[in-house]
Amino acid sequence: MSLPLPASHDLSSRLSSSLPLPPFVPQHCTSTSSPSEGIISLTITLPQTSLYSFRPWPLLIGGYGIGNDLDVAFGGPPRRPIMIRIHNALVSCKGIDEGGVISDETFWSSLPDPPTIESIVKEVVNLFERGSEEDAAFARAKYGTGETFRSSRIKDQLLKNDFDVKEHISREVAENLCSGSKGSEGRPSWLDEPSPGVFTFPLFPPNLCDLFLESLDAFESTDLPRRRPNTMNNFGLILNEIGMEGLAQKILEDVVSPLSRILFSKEVFTESLDHTHTFTVEYEPDKDAGLDMHHDASEVTLNVCLGRDFKGGGLRFCGEFGSADYRKSRLCVEHERGRAVLHLGRIRHAAADIEQGKRVNLIMWARSSAFRAAAAYGHVQPDGYPREKEGEVVDR
């Protein structure tokens, strides 16, 4: 589904054109910049009395507000005039969603019309001030874990803020993403599509796989607190909670987002993938041997095999959630070290049981705040609807 969206966002352009800000506006900003047209990057330092003063908070202002583009496209008024996000930082605070997007209704009703950068920063500070001790303690603990791990591994390239993803991924992928070069059928020549909507390609060279495994092993050897990646896997780590949130965001922005715009161009969310749940999973015969059929809590999923020695345990695919062939087996993709699989999150899939050895995979659930908010408000049907009658051939 494609929407007739405007080419630019007037409010974002007006606000970004006001930079640089006068030195007295606003008082809680320690830095401001405009990394791209219509986007304002701020760093907010909260008062020492704030529950959230344990770190500086990166803030991005610019672009369509949550659901705003979809509201306008469907003939409705914009609920929120501009996108405001706590960027690339794990935050737990009422009124801020899992992607760091400001979603609190009182926040928006308190802004003048039109809002200014000063008024936005003031209300963001007020939002943090209304946060609970429990939420602040959770965010502080997660931030502390990542910072402690970073300080113990000062030479770990994956934990450095200036790590360049495109310099380390497969050269042919990096060059094609930078140049926009495509194969004869209108998509990158290094890309395979073994089944409709399922794509595979070389992404991580062996040395990058080694860097990941070394970092993961180092964290597992500590006594730092950790949560397991989801309700389905018992072994693995969440990248955003071990100091790698910046790396996950770069993989989204440099690889997953541009590829999704090419491969899933008919999907409404491809222009607005903005946050992720990124984690690793581990499979061994006597632990988590495999994973039953499911679909992901994502718009797009990236799955990269990091390796170790293993046999078996391919990735099995069925149809899309809500379609007639939802439970019909399509194919099994065998994992190869460094090779990625990219697919819509709503495609049903499973990890077949590993036969021997151990395999580690990096998985990114890429999500769109605008799409999810619009779906929640009923403007866009959730993944897989309207449902079709499922076929007779089932996956098991």
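These notebook entries record what I looked up in the structure, which is a predicted model.

**Entry 1. The second largest pocket**

I began with the second largest pocket and found a volume of about 520 Å³. Its lining holds 26 residues, and those closest to the centre are L90, E98, G99, N240 and T276. I then looked up which elements give two or more residues to this lining: they are strand 4 (84-86), helix 5 (133-152), helix 9 (245-263) and strand 7 (275-283). Sorted by class, the pocket lining comprises 8 nonpolar, 10 polar and 8 charged residues.

**Entry 2. Cavities**

My search for cavities of 30 Å³ or more returned 2. For the largest cavity I noted a volume of about 170 Å³. Among its 21 lining residues, Y283, L291, H294, N303 and I363 are the closest to the centre. Strand 7, strand 8, strand 9, strand 14 (347-351) and strand 16 each give two or more residues to this lining. The biggest share comes from strand 16, with 4 residues. I recorded the classes as 10 nonpolar, 9 polar and 2 charged.

The second largest cavity contains about 80 Å³ of space. I listed R55, L90, A139, K142, Y143, G146, E147, N240, E241, G243 and E245 as its lining. Here helix 5 gives the most, with 5 residues. The lining divides into 3 nonpolar, 3 polar and 5 charged residues.

I next traced an open sheet of 4 strands, whose order is 8-14-11-12 and whose pairing is antiparallel. Strand 8 (291-294) and strand 12 (331-333) are at the edges with a single partner strand each, so one side of each has no neighbour in the sheet. From one strand to the next, the twist averages 20 degrees. Between strand 11 (residues 315-320) and the antiparallel strand 12 I found 3 bridges. In this pairing, R316 is opposite C332 of strand 12.

**Entry 3. Aromatic pairs**

Over the whole structure I found 12 aromatic pairs. One of them, Y52 with F128, is tilted, at 5.0 Å centre to centre and 50 degrees between the planes. Y52 belongs to the loop between strand 2 (39-44) and strand 3 (57-61) and F128 to helix 4 (residues 117-129), so the pair ties together parts 76 residues apart in sequence. I checked the accessibility of both: Y52 is buried, with a relative accessible area of 0%, and F128 is buried at 1%.

I also looked up F279 and W365, an edge-to-face pair with 5.2 Å centre to centre and 85 degrees between the planes. This pair links strand 7, which holds F279, to strand 16 (residues 359-367), which holds W365, across 86 residues. Both F279 and W365 are buried.

Lastly, I noted that ring pairs join Y52, F54, W57, F128 and Y143 in a cluster.

**Entry 4. Backbone details**

I found a cis peptide bond between D113 and P114, with omega at about 0 degrees. P114 is in the loop between helix 3 (105-109) and helix 4.

I then examined R308, a residue other than glycine with a positive phi, near 80 degrees. R308 lies in the loop between strand 9 (300-307) and strand 10 (310-312). Is R308 buried, partly exposed or exposed? With a relative accessible area of 29%, R308 is partly exposed, because that value falls between the limits of 20% and 50%.

Key: Residues are numbered from 1 along each chain as its sequence is written. This is a predicted model: local features need pLDDT of at least 70, side-chain atom pairs count only at pLDDT 80 or more; totals for chains, interfaces and linings use all residues. Side-chain values use heavy atoms; hydrogens and water are left out. On a 1 Å grid over the protein atoms alone, a cavity is a set of points where a 1.4 Å probe fits but cannot get out, and a pocket is an open set with protein on both sides within 12 Å along at least five of seven lines; lining residues have an atom within 4 Å of a point. Grid points are joined across faces, edges and corners, and a volume is the space filled by probe spheres set on the points. Ala, Val, Leu, Ile, Met, Phe, Trp, Tyr, Cys and Pro count as nonpolar, Asp, Glu, Lys and Arg as charged, and the others, Gly among them, as polar. Two strands pair if DSSP finds at least two bridges between them. Axes are lines fitted to C-alpha atoms, for helices over the stretch in contact, and angles run from 0 to 180 degrees between N-to-C directions. Rings of Phe, Tyr and Trp (its six-membered ring) pair if their centres lie within 6.5 Å; planes under 30 degrees apart count as stacked, over 60 as edge-to-face and the rest as tilted. Buried means under 20% relative accessible area, exposed over 50%, partly exposed in between (1.4 Å probe, protein chains only).
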